[in-house]
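Welcome! Here is a friendly walk through one protein model, taken step by step. Please have a look at the structure first.

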Amino acid sequence: MSKFKPLWKYIKDNKDEDFQLSSDQIKKIAGLPIDHSFLTYKKILNYGFKVGKISLKNKTIDFKKLGD
């Protein structure tokens, strides 16, 4: 079981084309802070999104919907 399962569900259920989450929002959704394993995790592709820009300064991650 993935420790980020609640986050994958949130991403799957998201209806936006592209969206951004802060590290605090991800922590609230997933119940734990993001770590290096999240940044290299490929499972997000299974939910139709990819990780876009990661801003360490702003502590945000952009999610981009994959093209059809």
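A salt bridge is counted when a side-chain nitrogen of Lys or Arg lies within 4 Å of a carboxyl oxygen of Asp or Glu. Keep that rule in mind for the section on charges below.

## About the model

This is a predicted model, in which local features need pLDDT of at least 70 and side-chain atom pairs count only at pLDDT 80 or more, while totals for chains, interfaces and linings use all residues. Residues are numbered from 1 along each chain as its sequence is written, and side-chain values use heavy atoms, with hydrogens and water left out.

## The overall layout

Let us begin with the whole chain. It holds 3 helices and 3 strands, where helices (H or I, at least four residues) and strands (E, at least two) are DSSP runs numbered from the N terminus.

Of the 68 residues in the chain, 28% are buried. Here buried means under 20% relative accessible area, exposed means over 50%, and partly exposed is in between, using a 1.4 Å probe and protein chains only. A contact means heavy atoms within 4.5 Å. Among the contacts in the chain with a separation of 6 or more, 54% are between residues 24 or more positions apart.

How many salt bridges does a search of the whole structure find? The search gives 1 salt bridge. Asp 13 forms a salt bridge with Lys 9, and their closest N and O atoms are 2.6 Å apart.

Both Asp 13 and Lys 9 belong to helix H1 (residues 5-13), where they sit 4 residues apart, about one turn of the helix. Asp 13 is partly exposed at 37% relative accessibility, whereas Lys 9 is exposed at 51%.

## Where two helices meet

Helix H1 also packs against helix H2 (residues 23-30), at an angle of about 110° and with the axes 7 Å apart. The axes are lines fitted to C-alpha atoms, for helices over the stretch in contact, and the angles run from 0 to 180 degrees between N-to-C directions. H1 and H2 are therefore roughly perpendicular to each other. For such labels, angles under 35 degrees count as roughly parallel, over 145 as roughly antiparallel, 65 to 115 as roughly perpendicular and the rest as oblique.

Which residues make the contact? H1 brings Pro 6, Leu 7 and Tyr 10, and H2 brings Ile 26, Ile 29 and Ala 30. By class, this contact of H1 with H2 has 6 nonpolar, no polar and no charged residues. In this scheme, Ala, Val, Leu, Ile, Met, Phe, Trp, Tyr, Cys and Pro count as nonpolar, Asp, Glu, Lys and Arg as charged, and the others, Gly among them, as polar.

## Aromatic rings

A pair of aromatic rings is described by the distance of the centres and the angle of the planes. Rings of Phe, Tyr and Trp (its six-membered ring) pair if their centres lie within 6.5 Å; planes under 30 degrees apart count as stacked, over 60 as edge-to-face and the rest as tilted. The count by this rule is 4 aromatic pairs. One of them is the stacked pair of Phe 19 and Phe 63, with 5.0 Å centre to centre and 20° between the planes. Phe 19 lies in strand S1 (residues 18-22) and Phe 63 in strand S3 (residues 60-65), so this pair ties together parts that are 44 residues apart in sequence.

Tyr 10, Phe 19, Phe 49 and Phe 63 form one aromatic cluster.

Lys 59 is in the loop between strand S2 (49-55) and S3. Its phi is near 60°, a positive value in a residue other than glycine, and Lys 59 is exposed at 55% relative accessibility.

Thr 60 lies in strand S3 and is buried, with a relative accessible area of 12%. Asp 62 is also found in strand S3, and at 15% relative accessibility Asp 62 counts as buried. Leaving aside neighbours within four places in sequence, Asp 62 is in contact with Phe 19, Gln 20, Lys 50, Val 51, Gly 52 and Lys 53.
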